[in-house]
Amino acid sequence: MGTKRTMEGSLKTVVRVFRRECHRLLDSERTTIHGADDMLMVLQLAAAEVCKQERGDFSVALSDVLVAWKCLLLDKLHLSHDGSPLSENYDLIRKEYDSFLKRTNTVDLIDVYNMYKQLRRDEDPEDPLTAMQLFEFLHGNTEAFEVTELTPPCPATPSNRAHRCSSQVQRVVRRVFCSYLGLLVNSKNDLALAHTLNAPSRSLGHRAFTDLKHAAHNSNTSLFLAVTSFVRAVQLGGKGYAPPQSDPLRKHMKGLSQFVHFTDQLEEILGECPDSSVAGCRIVSSIRAALLKGLSNGDPVYAAAEDAVKQLKERIGQIHTTLKESASSTGISPARPKAYAINHATAYGGRESVKLFMTLLDEEALAPPCRNKAELLTEDQAVLNGTEGVCLLSLYKSPEAPSGLSPQPLQNRVQSQQGHVKPKARERVVRSQFACTYQDDGLPLNRILDFPSSSQLPTCVHPAPKRTSPSPVIAPPEQEPETTSTFVEVDPGAASSALGQRSGNSCIRTGGPARLQTVTKTSKRKLASKDCVEQGSEENQPPRKRPPAKASNPGPAKKSSKAAGKKLIAGQGKLTSFFRL
């Protein structure tokens, strides 16, 4: 127990001196500190990024991460490796790790320890802890774990799975609370945004985070700035300034707007409340309300959130009291000179609250590391966003990342898909009465059989020649001048095969052993329209009136019919002669 208190006190001394004098070495006083667990997560992302550059796959084995973790601790603490194996591509991993810290405006505990010798004053202790002690603490070989965890870890079974899941949920829920507070202090912290973007669920899953990561990379900004700038441009920008409709983030506009709106609410509370203790409690309560929305009392997240809120509020009150006493004892303002003040050249509101949150986050960074590294790196955030576990490695992995295998040829892929694709049944379309004017893509079977296609029709508009008998019947010269009809004795089989169905311009008269057919001579335009009608569907055409049938017997019969038509009734002649006068 004494070893644990000594380790915690030494680490707090190092961090306190760093926070007091960090403006001498760093450009920003809002630089946040990564604890042991966050350092391991960042190292995993750096190793996966190096694997992607070398082999094209954004993934890394857990054993490789643990080997690189030990090499990193020994290298940064300037300790000898003692024959321990070096990680593959360690130099590239170390470079990517340092680049991530610099890009996100963060440092780790080893950086704080190395800067302590430059930042300490004469009244500060010279060596509060050694490099080997810090290595043992970060690597997980200290006696402090024997105090915090009295029971040794056991494998997961159905009987103890609920207890193990509860401890995991408590760690994840507390990390979400601290990540929201970290975004208020340091908006460049991409790791904090990855923990809070979809907590609570805003339908911002793997695809949304990938699109956001690509947008931040293209604009060379942080993830939080990429989110806020996109949402502000859509909501406030005009036609020439708003992002185009083809922007991938347009698909996630609703969830991104909810996230930005929630962070705006937290910043409003931060700036409106002059009392830092009240502002901290209100912000923690707002985060709790968002996380527990729609959850029941029996949910493990609900119980874990209640415990985290209670602990954070108590600690916020203690830190507020400590900061107030230290300011009154010195007799000077707790704010730094204007050249080094937090929120320099900005509003005064929220300055004390930011200091309080920075102190709280520094204490969280000094928490002992998680003993179960596999659970930390592979199944983190398993119960906040649903049943499927989401870890940072899978969240940062792009869906378009190549698998390293060459794709199959196009011909093989097409042939493999032909068996799965079924042809769609073509529905019969109701055709209009003007269907003959349209081009038929596919005709029904009955129409294909009854009517030939356009390629089978003759190009000439004249009717086909007819086979006639050697004894034609010649019409007498006395005919009407409108039309000229000839009576031809036609073989029924030949006529039907040559002409098919005829229109109403011809009438067939049967009588005796032979069949007489009247052929009416018309113009070429009528014949062309007649052929067009024959190509369409007869049932879809408007009904046509048959021309009045004319008598086929010439001579006296026709004259007698005309005389019968001119016969007057009784008394009609007298009336006619009367009106003529």
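Is Arg20 buried, partly exposed or exposed? Arg20 is partly exposed, with a relative accessible area of 25%; under 20% counts as buried, over 50% as exposed and the range in between as partly exposed, using a 1.4 Å probe and protein chains only. This residue is found in helix α1 (residues 2–21). The C-alpha atoms of Arg20 and Leu119 are separated by 8.7 Å, although the two residues are 99 apart along the chain.

The model is predicted: local features need pLDDT of at least 70, side-chain atom pairs count only at pLDDT 80 or more, and totals for chains, interfaces and linings use all residues. Residues are numbered from 1 along each chain as its sequence is written, and side-chain values use heavy atoms, with hydrogens and water left out.

**The chain as a whole**

The protein chain has 23 helices and five strands, which are DSSP runs numbered from the N terminus (helices H or I, at least four residues; strands E, at least two). Of its 581 residues, 36% count as buried. Its accessible surface, by the Shrake-Rupley method with a 1.4 Å probe, comes to about 35600 Å², and 54% of this belongs to carbon and sulfur atoms. Among contacts (heavy atoms within 4.5 Å) between residues at least 6 apart in sequence, 70% join residues at least 24 apart.

The expected span of a helix is 1.5 Å times one less than its number of residues.

| Helix | Residues | Expected span | C-alpha end-to-end distance |
|---|---|---|---|
| α10 (residues 206–219) | 14 residues | 20 Å | 20 Å |

In α2, 14 of the 20 residues are buried, so this helix is largely enclosed by the rest of the structure. Just after α2, Gly56 adopts a positive phi of about 85°. Asn220, which follows α10, likewise has a positive phi, near 60°.

The buried residues of α10 include Ala208, Phe209, Leu212 and Ala216. Those buried positions pack against α9 (190–196), α11 (223–236) and α17 (392–396).

**The contact of α3 with α4**

The axes of α3 (residues 62–76) and α4 (residues 90–103), lines fitted to C-alpha atoms over the stretch in contact, come within 11 Å and cross at roughly 75°. This makes α3 roughly perpendicular to α4, a class that covers angles of 65 to 115 degrees. Ala68, Cys71, Leu72, Asp75 and Lys76 of α3 meet Tyr90, Arg94, Tyr97 and Asp98 of α4. The residues of this contact divide into five nonpolar, no polar and four charged.

Key:
Axes are lines fitted to C-alpha atoms, for helices over the stretch in contact, and angles run from 0 to 180 degrees between N-to-C directions. Angles under 35 degrees count as roughly parallel, over 145 as roughly antiparallel, 65 to 115 as roughly perpendicular and the rest as oblique. Ala, Val, Leu, Ile, Met, Phe, Trp, Tyr, Cys and Pro count as nonpolar, Asp, Glu, Lys and Arg as charged, and the others, Gly among them, as polar.
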